[in-house]
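Good morning, and thank you for the time. I would ask everyone to look at the structure as I bring it up, and we shall then go through a few of its features together.

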Amino acid sequence: MRILAVDDEPIFLDILDVSLKGLGFSDVSYAYSAKEALRELDVSNATFDCILLDIRMPGMDGVELCQRIRAMSRYRRVPIMMVTSMSDRHYIDGAFAAGATDYLSKPIDPIELKVRMGVMERLTMEGLRNQLLE
């Protein structure tokens with residue numbers, strides 16, 4: 001699965017990198033801002049299969065970024081998981097309203113990450129199957 005992870009905290013992305021590689025996900029690209037993520041999505045030849053977004057980032061937050069990603073035709077159905085330390089229902093509801101598929105709370109629990117990435121992988125496979133049927 002080709003993954004794009006976006007977070008403004010390099011230490012968190014390092015932890016996420018180790019965690020994802022431990023689960024067998026090695027094709028991961030990282031962006032440290034929404035602007036950098038949009039650039040990566042725009043110039044990438046291959047579509048990302050899953051996107052992980054932090055909600056709280058300087059400049060454009062993850063909710064707005066999620067909306068902008070969903071506006072791109074090739075990313076309308078790609079699973080987007082919000083990864084956040086924000087527990088306020090307002091933020092979570094906003095993320096789902098913007099098009100998020102799921103969310104994961106920081107700090108990351110390894111078992112929860114494994115389960116949720118399994119869901120993202122199944123959704124990706126279903127999406128590919130549906131594209132073939134269309």
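Let us begin with the largest pocket, whose volume is about 390 Å³. Please keep in mind that this is a predicted model. The pocket is lined by 19 residues, and the closest to its centre are Arg77, Val78, Gly127, Leu128 and Gln131. Which element gives the largest share of this lining? That is helix H5, residues 110-133, with seven residues. Sorted by class, the lining of the largest pocket is made up of six nonpolar, seven polar and six charged residues.

I turn now to the cysteines. How many disulfides does the structure hold? The number is zero. Cys50, for instance, takes part in no disulfide, and the nearest cysteine sulfur to its own belongs to Cys66, 12 Å away.

Finally, we come to the strands. Strand E1, residues 3-6, pairs with strand E2, residues 28-31, in the parallel sense, and four bridges join them. To find one of the bridges on the screen, look for Ala5, whose partner in E2 is Tyr30.

Thank you for your attention.

Notes
Residues are numbered from 1 along each chain as its sequence is written. This is a predicted model: local features need pLDDT of at least 70, side-chain atom pairs count only at pLDDT 80 or more; totals for chains, interfaces and linings use all residues. Side-chain values use heavy atoms; hydrogens and water are left out. On a 1 Å grid over the protein atoms alone, a cavity is a set of points where a 1.4 Å probe fits but cannot get out, and a pocket is an open set with protein on both sides within 12 Å along at least five of seven lines; lining residues have an atom within 4 Å of a point. Grid points are joined across faces, edges and corners, and a volume is the space filled by probe spheres set on the points. Helices (H or I, at least four residues) and strands (E, at least two) are DSSP runs, numbered from the N terminus. Ala, Val, Leu, Ile, Met, Phe, Trp, Tyr, Cys and Pro count as nonpolar, Asp, Glu, Lys and Arg as charged, and the others, Gly among them, as polar. A disulfide is a pair of cysteine sulfur atoms within 2.5 Å. Two strands pair if DSSP finds at least two bridges between them.
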